[in-house]
Amino acid sequence: MKQINIHSTITILTEQELNAIELDLKNQAFEARSKAYAPYSKFTVGAALLLDNGVVVKGSNQENAAYPSGLCAERVAIYYAGANYPDAKIVKMFITASPQDRDLELPIPPCGSCRQAIAEYEFKQDISIEIFFMGAKGDIYKSDSLKNLLPFVFDKNHL
Ligand code: THU
């Protein structure tokens, strides 16, 4: 019998350990979260992407009375970036999430569908995306690449 062992590294940071660019991106993710439309789950998520042209693209979750028609914050942001800056590369992504009525201290990772969407752009641009995620306060988790969050990713090479 053979086995494949998968190793992922996540770095745990405090806010004080972010550099100025990352701190600004964190603030932009929080601002994005404040604009979430989440009347059904009341769970609000904000995402901010830093592009290599210096532009920051923000997204928040957008829900719908027909529940599956809603979209996560990460995909709102990444599809906006793909649609409006198709040649730009995504350098960093910051995500914050929490129920709207309390400040969660637990880092909230992007859901599986969002990981798949982020993977597509990481493959497309050929440089890794640094992904930071947190609750509303407390520790910040950082992954140097989407690959840490989605081992055995399905991609165009499988088609
Ligand atoms: N949500 C996100 O925006 N991103 C994720 O990665 C996980 C979930 C949103 C979708 C929905 O509006 C709410 O959080 C509860 O699932």
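A polar contact is a pair of N or O atoms within 3.5 Å, where within protein one atom must be able to donate a hydrogen and the other to accept it, and where residues adjacent in sequence count only if both atoms are side-chain atoms. In this structure the side chain of Lys92 makes such a contact with the side chain of Glu130, at 2.7 Å. This is a predicted model, in which local features need pLDDT of at least 70 and side-chain atom pairs count only at pLDDT 80 or more, whereas totals for chains, interfaces and linings use all residues. Residues are numbered from 1 along each chain as its sequence is written, and side-chain values use heavy atoms, with hydrogens and water left out.

**The sheet**

- S5 and strand S6 (residues 140-143) pair in the antiparallel sense over three bridges, and Ile131 stands opposite Ser143 in S6.

**The nonpolar cores**

- A nonpolar core is a set of buried Ala, Val, Leu, Ile, Met, Phe, Trp, Tyr and Cys residues joined through side-chain atoms within 4.5 Å; buried means under 20% relative accessible area, exposed over 50% and partly exposed in between, with a 1.4 Å probe and protein chains only.
- The largest nonpolar core has 26 residues, and those touching the most other members are Leu49, Leu51, Ile90, Ile95, Ile118, Ile131 and Leu146.
- At least two residues of this core come from each of strand S2 (43-51), helix H2 (73-84), strand S4 (90-99), helix H3 (112-125) and strand S5 (130-134), helices being DSSP runs of H or I with at least four residues.
- Apart from this core lies another, of ten residues, including Leu13, Leu25, Ala48 and Ile140.

**Lys92**

- Lys92 is found in strand S4 and, at 10% relative accessibility, counts as buried.
- Leaving aside neighbours within four places in sequence, Lys92 is in contact (heavy atoms within 4.5 Å) with residues including Ile21, Glu22, Leu25 and Phe132.

**The cysteines**

- A search of the whole structure finds zero disulfides, a disulfide being a pair of cysteine sulfur atoms within 2.5 Å.
- The sulfur of Cys72 is 3.7 Å from the closest cysteine sulfur, in Cys114, which is too far for a bond.
- Cys72 counts as partly exposed at 24% relative accessibility, whereas Cys114 counts as buried at 0%.

Terms used
Pairing = 2+ DSSP bridges.
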